[in-house]
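Here is a briefing for a reader who is meeting this structure for the first time. It begins with the chain as a whole and then turns to single residues.

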Amino acid sequence: MSTRSLIAVRDNGVIKAVYCHNDDYPEDENDYPCNGKILREYYNSREQALELIELGSLYYIGPRIKPESGEAHSMDEPNFEITMAHHRDWGEELEPAAEYASSDDLYDDRENHFAEYIYLFDNGRWVFTDGFAEQPNWIVL
């Protein structure tokens with residue numbers, strides 16, 4: 001079963017968010033790297049976070065955003081070190097980032113994506129909240 005999330009970046013006053021399908025726990029599960037840790041360690045600048053969001057909806061994230069020239073990476077031949085994007089790597093139609101006016105609006109939309117966690121890059125750091133809580137409780141990663 002998948003653990004879904006929304007991954008978002010506040011950019012010029014607007015929050016941009018994409019859906020991510022797998023491995024969305026804040027911390028590693030059974031020594032398996034999960035999104036909270038990967039976001040904190042590998043996407044820790046506004047530019048890196050925006051580059052990730054620009055891929056559109058994601059299947060999972062990896063430490064690397066894209067393959068090197070000539071390096072194999074696709075739905076049929078995944079490299080788990082590289083982020084898997086539905087559009088780029090599966091050939092699906094691009095689902096661009098949704099835009100929200102506030103973190104409350106982002107949180108309110110979580111049920112439309114069955115998001116168990118919401119990650120937000122804001123003010124130079126990642127925060128997250130549990131998507132099942134009645135109200136958001138943003139915690140620094």
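The protein chain has an accessible surface of about 7,700 Å², and 45% of that surface belongs to carbon and sulfur atoms; such areas come from the Shrake-Rupley method with a 1.4 Å probe, and for residues only the protein chains shown count as cover. This is a predicted model, in which local features need pLDDT of at least 70 and side-chain atom pairs count only at pLDDT 80 or more, while totals for chains, interfaces and linings use all residues. Residues are numbered from 1 along each chain as its sequence is written, and side-chain values use heavy atoms, with hydrogens and water left out.

**Overall form**

- The C-alpha atoms of the protein chain fill a box of roughly 45 × 35 × 25 Å, taken along the principal axes.
- The radius of gyration of the protein chain is 14 Å, which agrees with the value near 14 Å for a compact globule of 141 residues; the radius is taken over C-alpha atoms, and the globule rule is 2.2 Å times the number of residues to the power 0.38.
- Of the 141 residues, 45% count as buried, a term that means under 20% relative accessible area, with exposed being over 50% and partly exposed in between (1.4 Å probe, protein chains only).

**Elements and contacts**

- The protein chain holds 4 helices and 8 strands, where helices (H or I, at least four residues) and strands (E, at least two) are DSSP runs numbered from the N terminus.
- From the N terminus on, these elements follow the order β-β-α-α-β-β-α-β-α-β-β-β.
- Among the contacts with a separation of 6 or more, 47% are between residues 24 or more positions apart, a contact being heavy atoms within 4.5 Å.

**Residue D11**

- D11 lies in strand β1, which covers residues 5-11, and D11 counts as buried because its relative accessible area is 9%.
- Apart from its neighbours within four places in sequence, D11 is in contact with K16, R46 and L50.
- The side chain of D11 makes a polar contact of 3.2 Å with that of K16 and a polar contact of 2.3 Å with that of R46; a polar contact is a pair of N or O atoms within 3.5 Å, and within protein one must be able to donate a hydrogen and the other to accept it, while residues adjacent in sequence count only if both atoms are side-chain atoms.

**Residue I38**

- I38 sits in helix α1, residues 35-42, and counts as buried because its relative accessibility is 5%.
- I38 and G62 are 24 residues apart in sequence, while their C-alpha atoms are 6.8 Å apart in space.
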